[in-house]
Amino acid sequence: MEHNGSASNADKIHQNRLSSVTEDEDQDAALTIVTVLDKVATIVDSVQASQKRLEERHREMGNAIKSVQIDLLKLSQSHSNTVYVINKLFEKTRKISAHIKDVKAQVERQQIHVKKVESKQEEIMKKNKFRVVIFQVSLPPAFGLITAKS
């Protein structure tokens, strides 16, 4: 029985050793778990901070896009107004050009008429056959002008 007694003693010693080893392992495991959880918490905090920065950037980009859209709308309206004004100016230019053509045609006709009159005047002067006609208009004395009677 001694053998059995010593075997059971050895078992007890072995269990004590296992128990202390298990306690050490449990402490190491707990420490490892705490360390891992701390790292996970740090990673989660980092991810949340990154997410907040991304959300802020997203808001800033949204505001920038709205600002650009507003500026583009203003530019488009300005362009539209400019196109309208330019079209009006072109329309006026076309009207003026047509009017200038009409005036030019009238001036050319008058030049032709003047040339005819000048040529007839030259012809008459060459023939020395011209008459001077003097018109006399009698004005009422109320105007205070002196009129000559012939």
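Val-36 is partly exposed, because its relative accessibility is 43%. Buried means under 20% relative accessible area, exposed over 50%, and partly exposed in between (1.4 Å probe, protein chains only). The model is predicted: local features need pLDDT of at least 70, side-chain atom pairs count only at pLDDT 80 or more, and totals for chains, interfaces and linings use all residues. Residues are numbered from 1 along each chain as its sequence is written, and side-chain values use heavy atoms, leaving out hydrogens and water.

**Exercise 1.** Describe the fold and surface of the protein chain.

*Solution.* 
- Start with secondary structure. The protein chain has one helix and zero strands. Helices (H or I, at least four residues) and strands (E, at least two) are DSSP runs, numbered from the N terminus.
- Next, burial. Buried residues make up 0% of the 150 residues.
- Then area. The chain exposes about 14700 Å², by the Shrake-Rupley method with a 1.4 Å probe; for residues, only the protein chains shown count as cover.

**Exercise 2.** Find the salt bridges and place each partner.

*Solution.* 
- Apply the rule: a side-chain nitrogen of Lys or Arg lies within 4 Å of a carboxyl oxygen of Asp or Glu. The count is two.
- Take Arg-59 and Glu-56. Their side chains form a salt bridge at 2.8 Å, N to O. Both sit in helix α1 (residues 2-127), three residues apart, about one turn of the helix.
- Arg-59 is partly exposed because its relative accessibility is 46%. Glu-56, at 34%, is also partly exposed.
- Take Glu-91 and Lys-95. Their salt bridge spans 3.5 Å, N to O. These two residues are four apart in helix α1, about one turn of the helix.
- Glu-91 has a relative accessible area of 33%, so Glu-91 is partly exposed. Lys-95 reaches 56%, so Lys-95 is exposed.

**Exercise 3.** Which residues form the nonpolar surface patch, and which the negative one?

*Solution.* 
- Recall the rule. Patch residues have over 30% relative accessible area and no salt bridge; like charges are joined within 9 Å, nonpolar side chains (Val, Leu, Ile, Met, Phe, Trp, Tyr) within 5 Å.
- Nonpolar: Val-36, Val-40 and Val-44 make a patch of about 220 Å². Val-36 lies in helix α1.
- Negative: Glu-23, Asp-24, Glu-25, Asp-26 and Asp-28 form the patch. Asp and Glu count as negative, Lys and Arg as positive; His and the chain ends are not counted. A charge is placed at NZ of Lys, CZ of Arg, CG of Asp or CD of Glu.
- Asp-26 is in helix α1. Its relative accessibility is 47%, so Asp-26 is partly exposed.
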